[in-house]
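Welcome! Let us walk through this structure together, one piece at a time.

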Amino acid sequence: MPFNHHALIARVGNEQGAREEFARLVAALAELTARVRRIRENPGDWGIDSFAGRLDEGNQVAVWQAKFLVNGVGDSQKSQIRDSFRMARESAAQRGYELVRWTLVIPVD
């Protein structure tokens, strides 16, 4: 079944609310495979929206990054994605945990 991001925006009332709802949906889906925790949306979120594992030294972590890109994936959006992935790798290196998986979730086919 295709995902309708316009219906989500209409249901919650605005794009920012839909973005947060999308991140909750991603975490709920990830929860089907692992015990997942969310990080509150923030420009300094380490390239992580939801994760399984512990974000401290010696642990393995799987990450889900939700990007609510409703107008497609152009150069600017690709840059955002690369920045998030880079930040996730750098945060893992700085804090000593192993980033074993980084999954990007976007509402496009």
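**A walk through the sheet**

Three bridges connect strand β2 (residues 50-52) with strand β3 (residues 60-66), and these two strands run antiparallel. Strands here are DSSP runs of E with at least two residues, helices are runs of H or I with at least four residues, and both are numbered from the N terminus. Two strands count as paired if DSSP finds at least two bridges between them. Keep in mind that this is a predicted model, in which local features need pLDDT of at least 70 and side-chain atom pairs count only at pLDDT 80 or more, while totals for chains, interfaces and linings use all residues. Residues are numbered from 1 along each chain as its sequence is written, and side-chain values use heavy atoms, leaving out hydrogens and water.

Phenylalanine 51 has valine 63 of β3 as its bridge partner, and alanine 52 stands opposite alanine 62 in β3.

On to the next neighbour. β3 and β4 run parallel and are joined by seven bridges. Valine 63 has tryptophan 102 as its bridge partner in β4, while glutamine 65 has leucine 104 there.

Now step back to see the whole sheet. Its four strands follow the order β1-β2-β3-β4, forming an open sheet with mixed pairing. At its edges are β1 (37-38) and β4 (98-105), each pairing on one side only. Helix α2 (residues 15-30) packs on this sheet and touches β1, β2, β3 and β4, its direction making about 145 degrees with that of β3. Contact means heavy atoms within 4.5 Å; axes are lines fitted to C-alpha atoms, for helices over the stretch in contact, with angles from 0 to 180 degrees between N-to-C directions. Helix α3 (residues 75-95) lies across β3 and β4, running at about 160 degrees to β4.

How covered is β3? Six of its seven residues are buried, where buried means under 20% relative accessible area, exposed over 50%, and partly exposed in between (1.4 Å probe, protein chains only).

Finally, visit serine 91 in helix α3. Serine 91 is buried, with a relative accessible area of 4%. Not counting residues up to four places away in sequence, serine 91 touches Trp46 and Tyr97.
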